[in-house]
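Open the model in your viewer and keep the selection tool at hand. The stops below say what to select next and what is found there.

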Amino acid sequence: MKYHTSTLRLLLLAVSPLLTDCSMTAAKKASQPMALAETATAAPKGKGAAAAAKVGPTKAEEEVDEYAASADIYDPLQGLNRATFFINDKLYTLIFRPIAKGYNFILPRPVRKGIDNAFENAKYPVRVVNCTLQGKFKRAGQETAKFAVNTVGGVVGIFRPAEKIPSLANLPDEDTGQTLAKWGIPHGAYIVLPLLGPCSLRDTVGLAGDYALNPVNWPYLYWFGSRSKHDWIVAPPAANTLRTIPTQIDKYDTITKDAVDPYLSARSAYSQSREEAAKR
Amino acid sequence: MTLRFLLSLLILAVPFSASAQLADAQSKLKSAVAEVLSVADRTGNRSALPNSLRPVLHKHVSFETMTKRAVGPGWRQFSPAQQQQATELFSTLIIRSYSSKFTPGEHPAITYQQAVQPAEGRVDVPTNMVYKGSHYNVVYRMEQVQGWRITDVVIEGVSLIANYRSQLDSQFQRGGAEAVISSLTQSVSRPQ
């Protein structure tokens, strides 16, 4: 147990520089959009601003440049990130893709769906805590009702009877990263995590929060590093990881398969979807 | 008397024409989606899908507009031949990518929501899609290009065109129109 508290303290220590770094990069990021806008308008390098001015706003309007301002993310570590992205891609192909194939082959789709549903249902604390921290009390109530209906009426959430109730169907997902965003903490830098893929400094902290709030991990966190052996405690988190692999691989393929530059495609999809998630 | 009559007519007509545009675009989208689904159903074979969907999609999607937006301001530096080549390559890529999302026999349940008009001649139609038991928020962006055509699809907040814009823009910065075209050629020829 003593060991346990010290690891927690270490974790907090490790996290605190990330937080301070975020606020520093925030100032840098504030100056970024201007630089971006400059490069966007002065795209033809040699001809420069004169040409842009001559063409005038009508032509620029024609291209509808809302896409120039669409969400992108500060990426100072691009070299390192691209390297990690490359290694991840190989690991996905070598390890995860065969696992996903095997999983999908062995279990029929209704069974997979049931497993996914049950694990998503168990993630209820992640959603309700983050709804509350963001002041979305009505949503927290809806989440609670949904959890109750699916747990009781859906055999610990394997089935989703709440889908039949319009006010409970299709509630947007909530996570710790979104709470931090709501509190005004910016992404910080974009980072590609080993195995986990696209993330940012802020959302890495968010991931740690989600992990701690997910009951599936609680026995594991509780006994982590202790002498007493309970081998079964790794089973729920391991099963949870396993069941997400096929979906994650599928998402990864959708984003990268027909991309011109898979790295940029994944980065853009990440920053756009996080921006949208924070809004809802 | 006549002036007042005309004025009241004008006041009535302005919101009416806007909502008529919305309704027009939305009904066009509905018929386009229905047509795509019926063609996909008849095809059955997944590898034949890109070819059978191509004509239908060309009818309802403005690939020229899509390509122009995906390239961004650099589009002005493309010669007409380069523009045509880029459009051809980009549409092949989009059609292929779109077709790969279909599982024959699976039908999405689509709920159309109230369309909005972000600018004159443009309409966004938000929809909610249930496909294989999962919910997706999909927004179809439409523009008046010889009738209402789809110009972008935003899935769960991720715009298809904005996504390509980040990639193609960096190619353009690196080597102009030729770099954009060669990168597109490379992606199209990548084995599936």
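Which residues are buried in H4(B)? They are B:Ala86, B:Thr87, B:Leu89, B:Phe90, B:Ser91, B:Leu93, B:Ile94, B:Ile95 and B:Ser99. A residue is buried if 20 or more other C-beta atoms lie within 10 Å of its own, exposed if 12 or fewer, and partly exposed in between, with C-beta atoms placed from the backbone.

Before going on, note that this is a predicted model, in which local features need pLDDT of at least 70, side-chain atom pairs count only at pLDDT 80 or more, and totals for chains, interfaces and linings use all residues. Residues are numbered from 1 along each chain as its sequence is written, while chains are lettered from A and ligands numbered from 1 in the order in which they are written.

**Stop 1: helix H4 of chain B**

Select residues 80-99 of chain B, which form helix H4. Helices (H or I, at least four residues) and strands (E, at least two) are DSSP runs, numbered from the N terminus. H4(B) has 20 residues and spans 28 Å from its first C-alpha to its last, close to the 28 Å expected at 1.5 Å a residue. The expected span is 1.5 Å times one less than the number of residues.

Keep H4(B) and H5(B) on screen. Their axes come within 9 Å and cross at roughly 30°. That makes H4(B) roughly parallel to H5(B). Axes here are lines fitted to C-alpha atoms, for helices over the stretch in contact, and angles run from 0 to 180 degrees between N-to-C directions. Angles under 35 degrees count as roughly parallel, over 145 as roughly antiparallel, 65 to 115 as roughly perpendicular and the rest as oblique.

The crossing of H4(B) and H5(B) is left-handed. A crossing is left-handed if the near helix is turned anticlockwise from the far one by less than a right angle, and right-handed if clockwise. For the contact itself, select B:Gln82, B:Gln85, B:Ala86, B:Leu89, B:Phe90, B:Thr92 and B:Leu93 in H4(B), which meet B:Ala177, B:Val180, B:Ile181, B:Leu184, B:Thr185, B:Ser187 and B:Val188 in H5(B). These residues divide into nine nonpolar, five polar and no charged. Ala, Val, Leu, Ile, Met, Phe, Trp, Tyr, Cys and Pro count as nonpolar, Asp, Glu, Lys and Arg as charged, and the others, Gly among them, as polar. Two residues are in contact if their C-beta atoms, placed from the backbone, lie within 7 Å.

**Stop 2: B:Gly157 and the partner chain**

Select B:Gly157, in the loop between strand S5 (148-155) and strand S6 (158-159) of chain B. B:Gly157 counts as buried, with 20 C-beta neighbours inside 10 Å. Leaving aside neighbours within four places in sequence, B:Gly157 is in contact with A:Gln272, A:Ser273, A:Glu275, A:Glu276 and A:Ala277.

Next, show where the two chains touch: 29 residues of chain A are in contact with 31 residues of chain B. Helix H1 (2-41), helix H2 (48-62) and helix H11 (262-279) of chain A each give two or more residues to this side of chain A. H11(A) gives the most, with nine residues. By class, the side of chain A that touches chain B has 13 nonpolar, seven polar and nine charged residues.

Stay on H11(A), which has 18 residues and reaches 26 Å from its first C-alpha to its last, close to the 26 Å expected at 1.5 Å a residue. Among its buried residues are A:Tyr263, A:Leu264, A:Tyr270 and A:Gln272.

**Stop 3: the rest of chain A**

Chain A has eleven helices and two strands, and 26% of its 280 residues count as buried. Select helix H5 (124-133) and helix H6 (137-153) of chain A, which pack at an angle of about 160° with their axes 8 Å apart. H5(A) is therefore roughly antiparallel to H6(A). Their crossing is left-handed.

Finally, select the loop between H6 and helix H7 (176-182) of chain A, where A:Val156 is placed. A:Val156 has a phi near 45°, a positive value in a residue other than glycine, and counts as exposed, with 12 C-beta neighbours inside 10 Å. A:Asn170 lies in the loop between H6 and H7 of chain A. A:Asn170 has a positive phi of about 55° although it is not a glycine, and is partly exposed, with 14 other C-beta atoms within 10 Å.
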